[in-house]
Amino acid sequence: MPYRRVLLKLSGEALMGEQSYGIDPSVIQRIAAEIAGVVAQGTEMAVVVGGGNIFRGLKGAAAGMDRATADYVGMLATVMNAMTLQDALERQQAPCRVQTAIAMQEVAEPYIRRRAMRHLENGRVVIFGGGCGNPFFTTDTTAALRAAEIGAQVVFKATKVDGVYNKDPACFSDAVRYETLSFQEVLRGELAVMDSTAIALCKDNGIPIVVFNLFEAGNIARAIAGEPVGTTVHPELTPR
């Protein structure tokens, strides 16, 4: 594998599969099997999981909730997803730890950077739940932050689409997918890769981002093997 240590960002919506809410057991088992296979080959993997399949802070705020309160509820939803993924990984015989930015020691470890890095060095998957512990920040930003903290070489964002497009492919049949982009192009074009805070964090720390389709079987392993799946956002300017 070309990468020693990686961070995988899973959206909460991706865990729903074809359902309208919650977690599809078959989807999370497939994801766990792919992660376990990659880790068995020697790659150190951390995971940040979203909570949009259960609760999304922005939607709660739009419905009249206090924004900070809504974001905290969303953080708790990410912990539910993290614990579910941990269970699926352990059934694949993959050692795993959940660390949360909001203390809940009965079910997970508190986030401690050096402990997380030691887990990775010992071959354990580390799942970061609870976002970054603060409202007004997305799990995309959490992924970029944790990647920088643990020294990840790349951020893999697994989504429902197969890369970054110049416009919404669900609405426009002539949408064009990019193979490579620079951070400057993403920020200048306001392209839907991650939020601007996450992009800035990765840019400042020289961490590339790979966006790919989670629902194509084997894509996690292909991405980590360095195969050209999805769209790669490079720290330096590259031709598209």
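Begin by selecting cysteine 202, which counts as buried at 0% relative accessibility, where buried means under 20% relative accessible area, exposed over 50% and partly exposed in between, with a 1.4 Å probe and protein chains only. The model on screen is predicted, so that local features need pLDDT of at least 70 and side-chain atom pairs count only at pLDDT 80 or more, while totals for chains, interfaces and linings use all residues. Residues are numbered from 1 along each chain as its sequence is written, and side-chain values use heavy atoms, with hydrogens and water left out.

The structure holds zero disulfides, a disulfide being a pair of cysteine sulfur atoms within 2.5 Å.

Next, select strand β5, residues 125-129; strands (E, at least two residues) are DSSP runs, as are helices (H or I, at least four), numbered from the N terminus. Because five of its five residues are buried, β5 is largely enclosed by the rest of the structure. Val125, Ile127 and Gly129 point one way from the strand, and Val126 and Phe128 point the other way.

Finally, show strand β3, residues 96-100, which runs parallel to β5 and is joined to it by five bridges. Arginine 97 has valine 126 as its bridge partner in β5, and cysteine 96 counts as buried at 1% relative accessibility.

Key
Pairing = 2+ DSSP bridges.
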